[in-house]
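I opened this notebook to record what I looked up about paired charges in one protein model. The entries below follow the order in which I consulted the structure.

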Amino acid sequence: MIREEIEACLRAALKAARFPEPAAGIALAPADPEKGHGEWASTVAMQIQKAVGRRPREIAEALKTEIEAAPPPHFDRVEVAGPGFLNFFLTPGWLHDVLVDVVVAGDRYGRGESLAGRRINLEFVSANPTGPLHAGGGRWVAVGDAIANLLAAQGAVVHREYYVNDAGSQLDSFGRSLFARYEGREPPEDGYRGEYLVEMAARLRAELGDGVTETEAQEWGSRAVVEQIREDLERIGVHFDTWFSERALHEGGEVAEVIRELDERGYVYEQDGARWVRTSAFGDQRDRVLVKSDGSPTYLVPDIAYHRDKFARGWEHLIDIWGADHHGQVKSLQAALEALGYATGEPEIILGQLVKLERGGELVRLSRRAGDIITLADILDEVDPDVARLTFLLQGIDTAQTFDLDVVTSQSMENPVYYVQYAHARIASIARKAAERGVTRRPLEEVDLSLLQHPRELELLRALAAYPDAVAEAAELRAPHRVTTWVRDFARAFHGFYRDCRVIGDDDELTQARLWLAEACRIGLADALGLLGVSAPDEMARLDPDDADDADDPDGNDGAQPA
RNA sequence: GCCCCCGUAGCUCAGUGGACAGAGCGGCUGCCUUCUAAGCAGCGGGCCGGAGGUUCGAAUCCUCCCGGGGGCGCCA
């Protein structure tokens with residue numbers, strides 16, 4: 001890889017010039033050739049100016065001399081610029097090497113080893129089984145699945161897990177509400193008042209008939225909801241390896257065991273009739289109640305037991321994805337696990353800001369209890385899973401997302417999913433056309449890749465070169481939207497190439513080189529879309545201009561008043 | 001009062017210390033006899049919320065302030 005080559009060259013130059021290596025490592029990053037900065041730029045001269053005690057430009061000049069004496073591969077020239085940048089200008093051969101790398105690696109291109117062999121348990125979604133998944137929850141579905149893919153792309157063994165809270169007071173409330181509907185009554189004020197319980201009660205009666213008890217109703221209901229959630233997740237293409245029952249923790253004695261163990265370790269005390277755990281000893285803002293004065297455990301206890309169970313099942317690192325509305329619980333759980341002797345910071349908790357739904361420029365309230373709920377299934381009734389997924393993956397999870405139902409459900413150009421899928425369809429179309437004309441790719445080593453000199457071609461190869469880093473960073477930062485950003489940039493580069501560079505043309509040699517370039521693009525784009533859980537179609541339906549006009553003009557938009 | 005996240009173009013958002021800050025959408029203008037125009041190109045559009053500080057260098061790090069969202073239960 002060229003980065004390592006340039007880095008080695010810089011290291012040798014530092015040594016030859018008797019300069020120290022920066023402690024933080026030699027800074028080297030892709031540059032922008034269009035700005036005249038060359039292909040790769042290093043700020044090493046600025047990094048070491050203090051240690052050397054000379055001006056960065058002077059240092060850079062000295063390094064330049066050494067670099068020229070022993071240059072990296074594909075070296076054209078190196079320039080000193082600005083305050084002391086070292087800009088490496090390379091011949092396009094380095095990019096032709098990238099093309100070969102991509103093709104040789106195939107679907108392993110972009111894979112890394114930073115998590116090789118790590119056994120990671122990733123828990124996400126875990127919505128209470130008291131109603132269907134709401135639309136905003138789709139964010140955790142898409143983000144969680146993509147993070148799982150990213151961790152696996154870095155070599156981890158990843159287990160997708162869903163924690164089913166089939167015990168506790170929320171479920172009791174749900175059971176009471178369902179039972180009320182079953183008996184034709186209104187649910188309690190503080191119960192679940194959504195319409196879906198009316199339908200569910202009807203199904204309950206159809207399946208179990210009369211004489212169902214409240215306990216049976218709750219039992220049947222939570223099972224039916226879990227089944228529904230599982231089907232919705234199936235529709236969007238997400239599969240969990242384990243559906244873990246909270247009740248099993250109670251019944252198996254693990255909940256009681258956690259309390260006993262914390263007690264044995266000396267972190268439990270009594271106060272005001274309740275039993276508390278001293279989480280403040282491990283960084284929590286205050287201690288927490290373990291057992292209420294009525295003798296029942298708080299939610300925290302099964303939560304601790306659950307994470308302990310994950311470790312017991314052989315997972316060495318735990319990651320949970322939670323909505324930001326639970327951020328106050330992070331420290332308590334981590335502190336309790338630390339009290340039990342597990343590593344600090346376990347589980348790692350990824351907090352995501354919540355989703356706001358908007359329609360016709362107005363916020364749509366999301367409340368499972370109130371009843372005006374928009375479910376993930378509702379979204380999937382209107383758009384295909386690719387649109388839903390990519391929309392959730394457009395931005396970082398540190399920002400609250402506004403999910404505009406009008407935009408998402410319209411087949412308009414505001415939907416980036418079509419833009420990126422179209423790039424893939426165009427690649428497939430080129431392949432089809434080539435086959436039609438009887439043009440086949442010759443073995444790569446017989447093809448003259450040096451014919452690829454067009455700015456569009458080089459831009460595309462630079463994007464491919466950047467892909468492995470984009471994936472590695474996305475995995476490290478648990479930030480799948482970085483892959484989305486890469487895909488959008490890449491699609492832009494491809495569309496430009498497609499427009500300006502005809503692949504199948506009169507020049508056989510150039511056609512060969514471009515067919516291989518298209519193949520490398522297919523590999524990269526298909527892989528990236530795969531990480532995001534978005535399909536890579538070979539064809540796109542032709543968009544009817546009339547439909548597009550309709551889609552672009554949703555009701556309720558501010559616009560010019562009619563005359 | 002305390003804790004977490006955010007504030008970047010008209011709108012939605014990228015940009016985890018580097019060179020004149022980017023994209024999409026919207027607006028205006030061009031480009032289809034040739035691999036699907038769900039495309040490409042151009043034009044316009046910015047005190048990066050504000051003030052200090054650290055640094056050779058800050059949208060990025062620190063402090064304070066302002067604004068928005070979320071959370072501070074013997075609910076989950």
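Entry 1. I worked with a predicted model, and I began with R441 and E519, whose side chains meet in a salt bridge at 3.7 Å, N to O. I then located both partners: R441 lies in the loop between α17 (416-436) and α18 (455-476), and E519 lies in helix α20 (residues 508-532), so the pair ties together parts that are 78 residues apart in sequence. I also looked up accessibility. R441 is partly exposed, with a relative accessible area of 40%. E519, at 14%, is buried, because the cut-off for buried is under 20%.

Entry 2. I next examined E261 and R308, which form a salt bridge with their closest N and O atoms 2.6 Å apart. Helix α11 (residues 254-264) holds E261 and helix α12 (residues 300-312) holds R308, so this pair ties together parts 47 residues apart in sequence. I noted that E261 is partly exposed, with a relative accessible area of 21%, whereas R308 is buried at 11%.

Entry 3. I then turned to R11 and E21, a salt bridge whose closest N and O atoms are 3.0 Å apart. R11 belongs to helix α1 (residues 2-16) and E21 to the loop between α1 and β1 (28-30); the two are 10 residues apart. Both were listed as partly exposed: R11 has a relative accessible area of 34%, and E21 has 41%.

Entry 4. I looked for shared partners and found that salt bridges join E7, R11 and E21 into one network. Finally, I recorded the total: the structure holds 39 salt bridges.

Methods: Residues numbered from 1 in each chain as written. Chains lettered and ligands numbered in written order. Predicted model: local features only at pLDDT ≥ 70, side-chain atom pairs only at ≥ 80, totals over all residues. Heavy atoms only, no water. Salt bridge = Lys/Arg side-chain N within 4 Å of Asp/Glu carboxyl O. Helix = DSSP H or I, 4+ residues; strand = E, 2+ residues; numbered from the N terminus. Buried < 20%, exposed > 50% of the residue type's maximum accessible area, 1.4 Å probe, protein only.
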